[in-house]
Amino acid sequence: MIQLNVSPLYMSRADETAPTLEQIPAMQRRRLSGIAKLALNSAIQSLNSEPVDYIVWASQYGDEHKTLKILADVLQDQTPSPTQFSTSVHNAIAGLYSILCQDATPSTSLAASWSEALIEAYAWLKTMPQPHDARVLVVYYDEALPEIYQEFQPFSGFAMSAVISLATPNLQLDLTALTHHRHKYLDAQKFYDFWQQSEQSLEYSQTQAWQKC
């Protein structure tokens, strides 16, 4: 059982505008993929000009649409674009954020669920000399795979973020009760619904790994 403090969640959805991206030059902003825009928008909103000590970026599929385009080019005997390749890897969005926002904060990029990203943040915080003074930004983002993939399941792209610390815990996470979804985006969506509840029902708390405290 671990305890964390979770700041207000910021959810960015594909059908909404991303006002915080206006600080990124228009030419560079246009080159961002849809999922990159969502992830950066949520990250910037969570930070709100307040620095953190570490960033955990998490996604199951990443920017898989770009990977498929590269594979299609190879099948057509075309040379893949180096730029397209460099922005298709799983840590590309972390790199884009660092460059575009001029933020050199150390980070990691995981193929993980929201809950698994929280565990990563907790583990990092516990390694700090003064863990209760440190803060970690956690950003989860995903969009549906292209339909050609067998694992394709339709859902709207989204990103969700929060700043995590150990001071004044408001969330208790039971590692043994975590649900390992085949589609990891479900974990983030269910956590968002759980976190919006004004009161936590007994029935709900008995079936989930998360409890408010």
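Visitor: Where is the place of Val-163?
Guide: Val-163 has its place in strand S6. Keep in mind that this is a predicted model.

Visitor: Does Val-163 count as buried or exposed?
Guide: Val-163 counts as buried, because its relative accessibility is 5% and the cut-off for buried is under 20%.

Visitor: OK, so which residues is Val-163 in contact with?
Guide: Leaving aside neighbours within four places in sequence, the contacts of Val-163 are Asn-5, Val-6, Ser-7, Ser-46, Val-52, Arg-135, Val-136 and Leu-137. Take Asn-5: it is 158 residues from Val-163 along the chain, and their C-alpha atoms are separated by 8.1 Å.

Visitor: What about the rest of S6? How many of its residues are buried?
Guide: Eight of the eight residues in S6, which covers 158–165, are buried. On one side you have Phe-158, Met-160, Ala-162 and Ile-164, and on the other Ala-159, Ser-161, Val-163 and Ser-165.

Visitor: Why do the residues split into two sides like that?
Guide: In a regular strand, side chains alternate between the two faces of the sheet. Here both faces of S6 are covered.

Visitor: Which strands pair with S6? I'd like the bridges too.
Guide: Strand S5 (residues 136–142) runs antiparallel to S6, and seven bridges join them. Strand S2 (residues 10–13) pairs with S6 over four bridges, also antiparallel. Strand S1 (residues 2–6) pairs with S6 in the antiparallel sense over two bridges.

Visitor: Which residues stand opposite each other there?
Guide: Val-136 stands opposite Ile-164 in S6, and Asn-5 stands opposite Ser-165. For Arg-13, the bridge partner in S6 is Phe-158.

Visitor: New topic: which residues touch the most other members of the largest nonpolar core?
Guide: Those are Leu-9, Trp-114, Val-138, Ile-164 and Phe-191, in a core of 37 residues. The elements that each supply at least two residues of this core include S5, S6, helix H6 (114–126) and helix H7 (185–196).

Visitor: And what does Phe-191 touch?
Guide: Not counting residues up to four places away in sequence, Phe-191 touches Leu-9, Trp-114, Met-160, Leu-171 and Trp-210. There's also a second, separate core of 23 residues, with Ile-35, Leu-38, Ala-94 and Val-139 among them.

Visitor: Which residues of helix H5 are buried?
Guide: Ala-92, Ile-93, Ala-94, Tyr-97 and Leu-100 are buried in H5. The buried residues of H5 pack against several elements, including helix H2 (34–47), S3 and S5. Just after H5, Gln-102 takes a positive phi of about 50°.

Visitor: Where is Asp-103 found?
Guide: Asp-103 is in the loop between helix H5 (92–100) and strand S4 (107–110).

Visitor: What is the nearest side chain of opposite charge to Asp-103?
Guide: That's Arg-135, 10.0 Å away. Asp-103 is buried yet has no salt bridge. The side chain of Asp-103 does make a polar contact of 2.6 Å with the side chain of Tyr-97.

Visitor: Last one: is Arg-182 buried or exposed?
Guide: Arg-182 is exposed, because its relative accessible area is 57% and the cut-off for exposed is over 50%. Arg-182 lies in the loop between S7 and H7. Not counting residues up to four places away in sequence, Arg-182 touches Gln-60 and Glu-151. Glu-151 is 31 residues from Arg-182 in sequence and 9.4 Å away in space, C-alpha to C-alpha.

Methods
Residues are numbered from 1 along each chain as its sequence is written. This is a predicted model: local features need pLDDT of at least 70, side-chain atom pairs count only at pLDDT 80 or more; totals for chains, interfaces and linings use all residues. Side-chain values use heavy atoms; hydrogens and water are left out. Buried means under 20% relative accessible area, exposed over 50%, partly exposed in between (1.4 Å probe, protein chains only). Lys and Arg count as positive and Asp and Glu as negative; His and the chain ends are not counted. A salt bridge is a side-chain nitrogen of Lys or Arg within 4 Å of a carboxyl oxygen of Asp or Glu. A polar contact is a pair of N or O atoms within 3.5 Å; within protein, one must be able to donate a hydrogen and the other to accept it, and residues adjacent in sequence count only if both atoms are side-chain atoms. Two strands pair if DSSP finds at least two bridges between them. A nonpolar core is a set of buried Ala, Val, Leu, Ile, Met, Phe, Trp, Tyr and Cys residues joined through side-chain atoms within 4.5 Å. Contact means heavy atoms within 4.5 Å.
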